[in-house]
Amino acid sequence: MSFEGPTFPTLAPTSRSLVPGDFPGTKFSAQNGAEARVQYGSRRTNTEFSLSFDNISDANAALIHDHYHNCRGTLGIFHVDYKPKEGNPGFHEGISGENTANRFSTIPWGLKYRYAEPPQFSSVKPGRMSVTVKLTGILDT
Amino acid sequence: MSYYSGKDGTLTYNGTAVAKVSNWSVSSAVDPLETTVLTDSDRSFVPGIRSISGSATIFYYDDAAVPLLQRIIKTAVVSEADVLVIKLGWGSKFIQGSCVITSAELSCAVGEVMQASIQFQFTGAPTGVVL
């Protein structure tokens, strides 16, 4: 069980992308080109969830910075609130994270988010910053 | 209440009036910073960086345009010493600020009075504005 940090700040992103990961397994390729695959687990892992926040206020950028710190960097796992995931109602529905219609969530799939790398903060002008965040959905032991 | 026209216009640099100015213009623009997020259906912006620039045309009469031209048309390198305080006035109103001359053009043609055109860019905020 990993250290669990606070929930990610309630901020709507400027852009968002999801790579849903894959089920763990191995591929065996024969010399004639035939391929066999063995699947080792029933749960998908290594989800990549990227968020960018353009021209947000310093205060909102500080929320992300402090969240990263309070999660002890890339160590801690955490939940992502509804706000960073809303906007695609046919893909991600409802507030409850348990529903499998919440495809940006990790909970229905048995995963937890944590930072894939430290977030990047770019100063735009006094009072405004842009932030990019890359999260990874991992199977927590 | 009164109208203003070209006869009310003045152009000064470092406190010295420039003679024989034919026209001047100034424009100010702000780059908008987009703050639209995924759930918005209309784009939103906040003000970004402002820039102010202008231009002037001066008849080449008795070296009137020379102090401005020689800021960037000269054998020496252009330096920070060539930054001028330019004041564009009309009546009792004015816009003033430190400026870099970004372009200087001198034209001479048959049948026309020789004239100089300059373009300038404000550096920093205007130091005085009365509109």
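**Figure 1. Chain A, with 1 helix and 7 strands.** This is a predicted model, so keep an eye on the confidence scores as you look around. Starting at the N terminus, the elements go β-β-β-β-α-β-β-β. The C-alpha trace covers about 60 × 35 × 30 Å along its principal axes. Of the 141 residues in chain A, 26% are buried. If you take the contacts in chain A with a separation of 6 or more, 68% of them link residues 24 or more positions apart.

Figure 2. The mean pLDDT for chain A comes out at 91, and 96% of the residues reach at least 70.

**Figure 3. Strand β4 of chain A and its pairing with β1 and β7.** Here's β4(A) with strand β1 (residues 15-19) of chain A: the two run antiparallel and share 5 bridges. Look for A:S17, which has A:S50 of β4(A) opposite. β4(A) also pairs with strand β7 (residues 128-139) of chain A, again in the antiparallel sense, this time over 9 bridges. In that pairing, A:I56 faces A:M129 of β7(A) from the opposite position.

**Figure 4. Where chain A meets chain B.** On the chain A side, 11 residues are in contact with 10 residues of chain B. Which elements of chain A give two or more residues to this side? They are β4 (47-57) and β6 (120-125). Sorted by class, the chain A side holds 5 charged, 3 polar and 3 nonpolar residues.

**Figure 5. B:D62, a residue with positive phi.** Zoom in on the loop between β4 (45-59) and α1 (66-69) of chain B, and you'll find B:D62. Its phi is near 55°, a positive value, and B:D62 isn't a glycine. Buried or exposed? B:D62 counts as exposed because it has 9 C-beta neighbours inside 10 Å, and the cut-off for exposed is 12 or fewer.

**Figure 6. B:D63, in the loop between β4 and α1 of chain B.** B:D63 is another non-glycine residue with a positive phi, near 60°. There are 10 other C-beta atoms within 10 Å of B:D63, so this residue is exposed.

Notes: Residues numbered from 1 in each chain as written. Chains lettered and ligands numbered in written order. Predicted model: local features only at pLDDT ≥ 70, side-chain atom pairs only at ≥ 80, totals over all residues. Contact = placed C-beta atoms within 7 Å. Helix = DSSP H or I, 4+ residues; strand = E, 2+ residues; numbered from the N terminus. Nonpolar A, V, L, I, M, F, W, Y, C, P; charged D, E, K, R; others polar. Pairing = 2+ DSSP bridges. pLDDT = per-residue confidence, 0-100. Buried ≥ 20, exposed ≤ 12 C-beta atoms within 10 Å, placed from the backbone.
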